[in-house]
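My notes are below, in the order I looked things up.

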Amino acid sequence: MILVIQNGYRCDYEMKLFAGLFFDESEDVVITQNFSYENNVINTYTEIIFENNIYYEDYYFSFDADGKSQKLKKKIFIAACTKSLSHAALKIRKINFSWGVMCGIRPAKNVRELAEEGFSEEQIRDIFKNVYEVSDEKTELALNVAENEKMLLADIGKNSVSLYIGIPFCPTRCVYCSFVSTDIRVSGKYMAGFVEKLLLEIEKTAEVVRKTGSYVENVYIGGGTPTTLSAEQFEMIFEKLYSCFSLEKIKEFTVEAGRPDTITEEKLRVMKKYGVNRISVNPQTMQDKTLEKIGRRHTSDMILNAYKTAREIGFDVINMDLIAGLPDETPEMFYDTLDKITELDPENITVHSLCLKRAADFKMTDNELAKSDIMNKMLSYTQKKMKEKGYEPYYMYRQKNSSGNLENVGYSKPGCMSAYNVNIMEEKQTIIAMGGGGSTKLIIGDRIERVFNFKDPLEYIRRFDDILRKKDEIAEILLNG
Ligand code: SF4
């Protein structure tokens, strides 16, 4: 068990999170930390008791809080605590953190907030390097992303919302999956009932949008794997969307087609007919052996075919998702995947670091996981390759338990960045979610309210009255704050 005791300043959540990168909950670790801030100097003393030994770090840091916002003060205090903890823990276990002691999942948001506090680019670089100990390469990445996001954020229309529709079904479960999804071999019998309710939820959501004087700027259908739906079911959903909402101001209509074993020409044609202008075809890797190992029921040839069909039908913005750090993949295998994908020249490529959730099945397999230095190599190669091929990083988030505590980055060719993805990261536009596992995010000034839909399709069907009631609550919050 990891026990954290803090005196003087408390940020247990962040400390526990960071300690979890060094230690496992099954280990006995006691971390005591004393914090003080006097005469513009922060002092954090951390002591770690582990396997009958004591490891400590006495850390001093100059910081003038005068005229700084509470938000920044809090961030710096947390960074000082994390730094002291990290330096003490590094005496026990050597881990290479290229994001240093930065805790948040949105490094580019940190850049933006520092810029809003009046810091220049040079000062932000300095804070990243000296306060957070972020590597030069990652600092560059965060600055690039923040710069590229700016334009999309500035373009968000007043009273606009995005719609999200979650389809929580997949043909099989990938071993690393930490998303909301069920295997259709088990839950397929609920699909028709699910779609029936979803159509009703679309009607109700349109009422909310009308009542609150909002309009729809983006629609995103994700999952799970939306293409587990049949072409007819897609058509029913699209028909309902067009009949209930006025979609004339829509900028992006995205379907995360996802796994190639579910993509058919017929489904793609239906999407095209109803104005879908962005799709994803997600290989994750082009190594057939790995695809088999991670439980995906398709080959790299099927990925190439799905991509080719999508192009022939006329999709001109295609995203492809890849994962760095899949089981037994060497850097060379990952480079080969990335080279093959960039050869195809999709408009967007998203590179994820394998996310390890402790409870995921993945932990139970014997597969060797790529170590953080291998991951770093893969991601460095990605950064170079993407630049060479004319892609820009434009959205990024870190997953709390991802291998090496690394990042997921969306790259795009100029002019093809997804506003929806940036909205998700920067939380500047309300997103109303429908379907399984959807999470509505209401932006009310500086406040964010979240409303969750049920994840399980059966629960979604059975407790549909609750879903409708929640939609009324959403309308109420949007109207009255
Ligand atoms: S396709 Fe995606 S959502 Fe479905 S099981 Fe695999 S990782 Fe999970």
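**Ground rules.** I am working with a predicted model, where local features need pLDDT of at least 70 and side-chain atom pairs count only at pLDDT 80 or more, while totals for chains, interfaces and linings use all residues. I number residues from 1 along each chain, as its sequence is written.

**Whole chain.** I counted up the secondary structure and got 16 helices and 17 strands. Helices here are DSSP runs of H or I with at least four residues, strands are runs of E with at least two, and both are numbered from the N terminus. Along the principal axes, the C-alpha atoms fill a box of roughly 65 × 55 × 45 Å. I checked the radius of gyration next: the chain has 23 Å, which agrees with the value near 23 Å for a compact globule of 481 residues. That radius is taken over C-alpha atoms, and the globule rule is 2.2 Å times the number of residues to the power 0.38.

Buried means 20 or more other C-beta atoms within 10 Å of the residue's own, exposed means 12 or fewer, and partly exposed is in between, with C-beta atoms placed from the backbone. For contacts, I use C-beta atoms, placed from the backbone, that lie within 7 Å. Of the contacts with a separation of 6 or more, 74% are between residues 24 or more positions apart.

**Domains.** I noted domain 1 at 2-95 and domain 2 at 153-475. These bounds come from an automatic or database domain assignment. The C-alpha centres of the two domains lie 36 Å apart.

**Helix α1.** Which residues of α1 are buried? I get Met 15, Phe 18, Ala 19 and Phe 22. They line one face of the helix, because they fall within an arc of 100° seen down the axis of α1. The arc is that of the directions from the helix axis to the C-beta atoms. Their cover includes β1 (2-7), β2 and α2 (70-89).

**Asp 28.** I then moved to the loop between α1 (12-22) and β2 (29-38), where Asp 28 is found. Asp 28 counts as exposed because it has 12 C-beta neighbours inside 10 Å.

**Helix α4.** In α4 (residues 121-131), I see Ile 124, Ile 127 and Phe 128 buried. They sit on the same side of α4, because they cover an arc of only 95° around the axis. They pack against α3 (107-116) and α5 (136-154). The face turned away from that buried side carries exposed Glu 122 and Asn 130.

**Two positive phi values.** Glu 133 is in the loop between α4 and α5, and I noted its phi near 60°, a positive value in a residue other than glycine. Glu 133 is partly exposed, because 18 other C-beta atoms lie within 10 Å. Asn 159, in the loop between α5 and β5 (160-167), also has a positive phi, near 65°. With 12 C-beta neighbours inside 10 Å, Asn 159 counts as exposed.

**Ligand shell.** Which residues are around the ligand? My list is Cys 170, Arg 173, Cys 174, Cys 177, Phe 179, Ser 181, Gly 223, Gly 224, Thr 225, Gly 258 and Arg 259. A residue makes this list if its C-beta atom, placed from the backbone, lies within 6 Å of the molecule. By class I have four nonpolar, five polar and two charged residues. Ala, Val, Leu, Ile, Met, Phe, Trp, Tyr, Cys and Pro count as nonpolar, Asp, Glu, Lys and Arg as charged, and the others, Gly among them, as polar. I also flagged the peptide bond from Gly 223 to Gly 224, which is cis with omega near 15°. Gly 224 lies in the loop between β8 (215-223) and α8 (231-244).

**Met 271.** I looked up Met 271 in helix α9 (residues 265-273). Met 271 is buried, because it has 28 C-beta neighbours inside 10 Å. Leaving aside neighbours within four places in sequence, Met 271 is in contact with Phe 234, Val 255, Val 276 and Ile 279.

**Arg 398.** Last entry: Arg 398 is in strand β13 (residues 392-398). Is Arg 398 buried or exposed? I have it as buried, with 21 other C-beta atoms within 10 Å.

Technical notes
Contact = placed C-beta atoms within 7 Å.
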